[in-house]
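Have a look, then we'll go through them.

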Amino acid sequence: EENGHQNKRLKTGADEEDSEDQNKKLPKRKIVLLMAYSGKGYHGMQRNVGSSQFKTIEDDLVSALVQSGCIPENHGEDMKKMSFQRCARTDKGVSAAGQIVSLKVRLIDDILEKINNHLPSHIRILGLKRVTGGFNSKNKCDARTYSYMLPTFAFAHKDHDVQEELYRLDRETLEKVNKLLACYKGTHNFHNFTSQKGPRDPSAKRYIMEMYCGEPFVRENVEFAVIKVKGQSFMMHQIRKMIGLVIAIVKGYAAESIIERSWGEEKVDVPKAPGLGLVLERVHFEKYNRRFGNDGLHEPLEWTQEEEKIAVFKEQYIYPTIINTEKEEKSMANWLNTLSIHDFNSSAVEMQVNNKHSK
C-alpha cells in the first residue's frame with residue numbers, strides 16, 4: 001500500500017515537471033493584463049523590493065505569475081527582465097477597477113484562470129491582450145480616469161447643516177460642487193496639490209479633461225456620491241487634494257478664490273482628502289489604438305467585453321470595502337474635523353511675517 005502511494009506521488013511530481021518543461025519551451029510574448037483590486041491593507045500598487053513589511057498589490061501579482069508558470073522565478077526578483085510596467089502607481093489603500101500592466105510572459109494554456117487561482121479573491125485579472133513588442137503601459141497611456149466615492153455629509157455646511165449620516169445633499173449644493181470641480185478643467189500649475197514640487201517645476205503643470213460629481217445614492221442608510229476625474233496624468237496625492245480643497249470651500253472654511261490662488265507661485269495650504277474612496281477606474285490608450293488597434297495583428301486596448309466583470313467586481317469588493325470601512329473607521333468624518341486647523345486665508349509670506357511679529 002505504501003509503495004502505491006509513493007508511486008502516485010512520484011507520478012504527479014513528474015507530471016508537474018513535464019508541464020514546467022513545456023512552459024519553458026513556450027516563447028515569451030508582450031501582453032497587457034486588465035486588473036481590478038481592493039487596495040485596503042496594501043501600501044499601494046508598486047512593489048518595494050527589499051521592503052517586505054509593506055505589502056503591495058504587485059507582491060501578490062508577481063507571486064501568482066511565478067506560481068502559475070507564466071514567468072521564471074528570477075523574473076519575479078528582477079522585474080526588468082520581464083519588461084514589467086504598471087500604468088498607474090496607486091497610493092496606499094487606493095483601489096482599481098481598470099489598472100493595466102504590461103509585461104512579457106509565456107502564454108500558457110488557461111493563463112487567466114491559472115494566475116487567478118494563485119491570487120486572493122480581492123485581486124482579479126479580468127482580461128488579457130497581446131500588444132506590440134515595444135509597448136509600455138505607462139508611456140503609451142494618454143489619459144487616466146479616477147473616481148472618488150464619499151459620503152455626502154462631507155459637503156454639509158459647517159455652520160448650519162447636519163454634519164452626520166442623516167445629511168442629504170440638495171440640488172443647490174450639488175450644483176455648487178460641480179461648478180467648483182469644473183474650475184480644474186484645462187491646464188494648471190498643481191504644485192500646491194502634491195509634495196516635493198516647486199512652483200517653477202514644469203512637471204507640476206497638468207491637464208484635466210473633465211471633473212464632476214454624479215447624483216447621490218443611499219447605501220446602508222448613508223448617502224454617497226461619486227466624483228469622476230479624467231486627466232492626462234496625476235501627481236502623488238493630487239486628486240485627493242483637489243477634492244479636499246473643494247470640500248473646504250463648500251463647507252465654508254475657505255473662499256472660492258483659493259482655487260485660482262493655488263495655481264499661483266505662493267504656497268497655499270491645501271488639505272488632502274482620505275485615500276479610502278479613490279479608485280482607478282480606467283486607463284485610455286487612444287493614440288495606440290489609432291495606430292495599432294486595427295492593423296490586423298493587434299487588438300485595440302478597449303475592454304467592452306469585460307465591462308460586466310468590472311461592474312461585478314466593484315459591487316462585490318470595492319464599494320462594500322469603502323462603505324464598511326467608512327462606517328467602522330469614520331475616515332471622512334475624522335478628516336473633516338481637521339479642516340478647522342488649516343489656514344486658508346493667509347499666504348506663506350503672510351504667515352512668515354505673522355510668525356516674526358508674534359515672536
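Q: Which residues lie nearest the centre of the second largest pocket, and how many residues line it?
A: This is a predicted model, and in it 20 residues line the second largest pocket. Nearest its centre are R282, V283, H284, W303 and E307. The space there comes to about 340 Å³. Strand 3 (95-106), strand 10 (278-284), helix 8 (286-292) and helix 9 (307-329) each supply at least two lining residues.

Q: Why is the second largest pocket said to lie between domain 1 (28-140) and domain 2 (143-287 + 311-344)?
A: Both domains give residues to its lining, so the pocket lies between them.

Q: What about the largest pocket: where does it lie, and what makes us say that?
A: Its volume is about 870 Å³, and of its 36 lining residues, A88, R89, F234, M235 and M236 are the closest to its centre. Domain 1 (28-140) and domain 2 (143-287 + 311-344) both give residues to this lining, so the largest pocket lies between them. Helix 6 gives the most, with 3 residues. By class, the lining has 11 nonpolar, 14 polar and 11 charged residues.

Q: Are C87 and C141 buried or exposed, and how do you know?
A: Buried means under 20% relative accessible area. C87 has 3% relative accessibility, so it counts as buried. C141 has 9%, so C141 counts as buried too.

Q: What makes A96 buried or exposed?
A: A96 lies in strand 3, and its relative accessible area is 0%. The cut-off for buried is under 20%, so A96 is buried. Leaving aside neighbours within four places in sequence, A96 is in contact with M35, A36, Y37, V279, L280, F313 and I318. One of those, I318, is 222 residues away from A96 in sequence, yet the C-alpha atoms are 8.2 Å apart in space.

Q: And T132, buried or exposed?
A: T132 has a relative accessible area of 12%. You'll find T132 in the loop between strand 4 (123-130) and strand 5. Not counting residues up to four places away in sequence, T132 touches K30, Y288, F292 and H298.

Q: What makes a space a cavity and not a pocket?
A: In a cavity, a 1.4 Å probe fits but cannot get out, whereas a pocket is open. The structure holds 2 cavities of 30 Å³ or more. The largest has about 50 Å³ of space, and strand 5 gives the most to its lining, with 4 residues. That lining divides into 8 nonpolar, 2 polar and 1 charged.

Q: Which residues line the second largest cavity, and which domains do they come from?
A: They are S38, G39, K40, G93, S95, L276, I318, T321 and I322. Domain 1 (28-140) and domain 2 (143-287 + 311-344) each provide at least three residues of this lining. The space in the second largest cavity is about 30 Å³.

Note on methods:
Residues numbered from 1 in each chain as written. Predicted model: local features only at pLDDT ≥ 70, side-chain atom pairs only at ≥ 80, totals over all residues. Heavy atoms only, no water. 1 Å grid on protein atoms, 1.4 Å probe; cavity = no way out; pocket = protein on both sides within 12 Å on 5 of 7 lines; lining within 4 Å. Points joined across faces, edges and corners; volume = space filled by probe spheres on them. Nonpolar A, V, L, I, M, F, W, Y, C, P; charged D, E, K, R; others polar. Domains from an automatic or database assignment. Buried < 20%, exposed > 50% of the residue type's maximum accessible area, 1.4 Å probe, protein only. Contact = heavy atoms within 4.5 Å.
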